[in-house]
Amino acid sequence: MFGGTNLYSGQHFQSAIHGFFSANTLVNADGFWLRNPDPNLEWGQMLGTGANFARRFPRAWARIKAEDQGQFRAPGGLFTFAGLSPHQAALGALGASGGTDEPGTEHWHIVARVPSAALAAGLLRFLRHHGSLYAAMLALVSLVTWLLNL
């Protein structure tokens with residue numbers, strides 16, 4: 001609750017993230033999912049299910065926890081992430097100003113993951129659609145280079 005409003009379950013928050021979290025997740029500072037496309041993975045810490053981003057993707061979690069934002073490949077796929085402070089987000093949503101986070105305030109991470117299989121399939125699809133164009137351009141550049149060297 002913040003100022004009498006439950007920001008997480010509020011209609012504005014839910015509608016704002018509805019489409020966004022169809023492909024992205026929200027992870028708390030301990031590595032547990034707060035939002036996930038699979039609702040069974042959410043709130044593992046509170047519900048005792050143990051569902052945990054940090055355990056499922058340990059190498060990715062180590063990097064996400066150490067940095068505020070970024071993109072990298074690790075076992076499990078391509079990870080893109082940004083940190084956020086719910087305290088600062090709440091202040092901003094209410095039009096209030098606030099300095100830096102107070103010690104002990106929560107820090108969350110928005111994480112998007114493209115699985116390795118999807119990356120490989122995307123590359124193959126790209127090559128299938130555009131491979132002949134690149135082959136033709138390579139042949140043209142080779143021909144021009146050969147002609148210039150005569």
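Modeller: The model is a predicted one. Let us take helix 4, whose buried residues pack against strand 1 (24-27), helix 3 (53-56), strand 3 (69-74), strand 4 (77-84) and strand 5 (108-114).

Which residues of helix 4 are buried? Helix 4 spans residues 58-66, and Ala-60, Trp-61 and Ile-64 are buried in it. These three residues lie on the same side of helix 4, because they cover an arc of only 95° around the axis.

Arg-63 is a residue with an intermediate value: its relative accessibility is 36%, so it counts as partly exposed. Its salt-bridge partner is Glu-67, and the closest N and O atoms of the two residues are 3.2 Å apart. Glu-67 is likewise described as partly exposed, since its relative accessible area is 33%. When the whole structure is searched, one salt bridge is found.

We may now turn to one of the elements against which the buried residues of helix 4 pack, namely strand 1. Is strand 1 covered on one face or on both? Both of its faces are covered: Asn-24 and Leu-26 are buried on one side, while Thr-25 and Val-27 are buried on the other.

Strand 1 also has partners within the sheet pairing. It runs antiparallel to strand 5, to which four bridges join it. Within this pairing, Val-27 has His-109 of strand 5 as its bridge partner. Strand 5 is itself among the elements that the buried residues of helix 4 pack against.

The other pairing is with strand 2, which comprises residues 33-35; here the strands are again antiparallel, and two bridges join them. Leu-26 stands opposite Arg-35 of strand 2. Strand 1 and strand 2 form a hairpin with five residues between the strands, and in this hairpin Gly-31 takes a positive phi near 90°.

To draw the parts together: Ala-60, Trp-61 and Ile-64 are the buried residues of helix 4, and strand 1 is among the elements they pack against. Strand 1, in turn, is joined by bridges to strand 5 and to strand 2.

Definitions and conventions:
Residues numbered from 1 in each chain as written. Predicted model: local features only at pLDDT ≥ 70, side-chain atom pairs only at ≥ 80, totals over all residues. Heavy atoms only, no water. Buried < 20%, exposed > 50% of the residue type's maximum accessible area, 1.4 Å probe, protein only. Arc of directions from axis to C-beta. Contact = heavy atoms within 4.5 Å. Pairing = 2+ DSSP bridges. Salt bridge = Lys/Arg side-chain N within 4 Å of Asp/Glu carboxyl O.
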